[in-house]
Amino acid sequence: MFGRRQRAAPDTFSTEVLGYLEPLYATAMRLTRNRADAEDLVQDTMVRALRFRDRFEPGTNLRAWLYTILHNTWRNRIRDTAREATDVDSDRIEELAARADGPAEVDTPERMLIRSTMDVDLKEALDGLPDAFRQAVWLRDVEEFSYAEIAKMLDVPIGTVMSRISRGRRQLYEKLTQAKTDAQVPVSR
Amino acid sequence: MSECRHVSEQLTSYVDDQLDVTRREEVERHLDQCASCRSAVARERGCHAVLRHHAQRLREEPLPPGLRSRCESLMHEQARAASVPGWRRTLVPTVLSVILLVFTASAIFSLATRRSDAVLAAQLTADHSKCFKLFVAGNPPVMDAHEVEEMLTREYGWKIHVPPSVDGLQLVGARRCLYADGLIPHVMYRAANGEDVSLFVLNGVTRNPTELVTFGHRSQIWTKNNTTFVLVGPEDESGQLVDATRYVMKEADR
C-alpha cells in the first residue's frame, strides 16, 4: 500500500520549516536544558507545524510562527506533566528577583565583558537564570524577536516581556561578572 | 527617586533603542544625573552586547543524530499524503454519469481515510524510533506487565492492558507520547532478533483496520470498543516476529 515508493518532493513550506531546525533545537535546548526533552519538543513542533499549516498566513513571519508553536508546546507539556517547577509562577519569581537585583558592584565596560566571556560560560550563566527570564532574554538578544512577537510566544503582556528582559539581563550580567571578580572582590549580597 | 522608578521602566526600551525621540531625551536627561540608573543601563547594555556577540554560536547547537532525518521523513510523508486528493480535482470534472459519481464518492472516502492513516502511521513511527533511541539503550531490563500497568495508572491515570513478555518478545518499557493534542501510552517491546516493536493505544478513536508501511516500518491499525491500537514494527517480519506481532495484537485489545 503505502510502501517505500517514490517520495513526493517536499514543498516550499516544508523546506522552509526544515531550514529552521538548528535554531529551533538550540532554543529548545535552552528551554528544556536537556537533550531528550529538546529533541522531543522539536519533533512535536514539526508535527504541529504540519498539522496547523493551513493557519499559517503566507507572507508573514514563519520563524516567529514556529517559535510560537515551540513555546506553546512546551508550556502545554509542563502543565501536563505537572512539572510546574519553581520558575513557572513568574509573578513570584519576578518579585523575588526584584529583591535580589541589588545595585551593581562592578561596572565593567561591555567590551571587556565580551572579550572575557566564553560561549560555555555564557550557556551556563543563561541556564542558571529562572526559566521566565531566560526565555525572554534568549528570544530578544539571541533570536532578535520584537517585544510584541515575544509577548505572543510567551503568552504574556508586552510590559511583562520588557520587565523579564530587563531583570534577566541584569541577573545574567551579575552572573558573568561575579564569576570573574570572585577571586578579588568579596561577594556582597 | 520617583523619577528613577518612572525611568527604570523605560531603560530596557532605551537599551533596545525602541523609544521615540522625546522619551529618549527624557531618559538621557535623567541618566546624566543618576549614577544608579547609568549603572543599570551599563549592565543591560553589557549583557545585550555579549549575547549579540555570541548569538551565532549560541544558535549552533549540534543536532542529535537522526533528528533531521526523522523531521524530513515527517515532511515527506505529509507532502505525499497531501498530494493524494489532488487527483480528485482533476478527476471530478470528467465524471458524468451517476454511477461513476457514486463510484468516485466511495473512492474519495477511502482516499481520505488512507491519507489520515498515513499521517497517523508516520507520526507514530517517528515516535517509535525516537523513544527507542532515547529511552531504551543497550540491553534494557525486562519489565513486568503488571508493574507497567500500575505505573501507567499511577502516573497518568491510564487503565490499559499491557501484553506481558513471551518467548521471543520482551516488554522493555512504557512511556507517554504526544499525539495530536493528546498524550497516549506507548508500550515498547524488543524482539529476540533485536528488532523493536511499539504498541500505541488511542482511547476514544475509531479507525478502519489497515496495515501500511512508512519509513521502513510496518504499522497495523485496528479498533476495538472505541479504542484504536497501532502496532509499529519492522517492515520485514520474519518467522518468529510474525508470531510475536500476532500475539501482541491478540493480547492488546483484550
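A: B:Asn225 sits in chain B, in the loop that joins strand E5 (217–224) to strand E6 (227–234), where helices (H or I, at least four residues) and strands (E, at least two) are DSSP runs numbered from the N terminus. This is a predicted model, in which local features need pLDDT of at least 70, side-chain atom pairs count only at pLDDT 80 or more, and totals for chains, interfaces and linings use all residues. Residues are numbered from 1 along each chain as its sequence is written, chains are lettered from A and ligands numbered from 1 in the order in which they are written, and side-chain values use heavy atoms, with hydrogens and water left out.

The phi of B:Asn225 is near 50 degrees, a positive value in a residue other than glycine. Most residues other than glycine have a negative phi. With a relative accessible area of 67%, B:Asn225 is exposed; buried means under 20% relative accessible area, exposed over 50%, and partly exposed in between (1.4 Å probe, protein chains only).

Another positive phi, near 60 degrees, belongs to B:Asp17, which is also a residue other than glycine. B:Asp17 is found in chain B in the loop between helix H2 (11–15) and helix H3 (21–33), and its relative accessibility of 55% makes it count as exposed.

As for H3(B), its buried residues are B:Val27, B:His30 and B:Leu31, whereas B:Thr22, B:Arg29, B:Asp32 and B:Gln33 are exposed on the other side of the helix.
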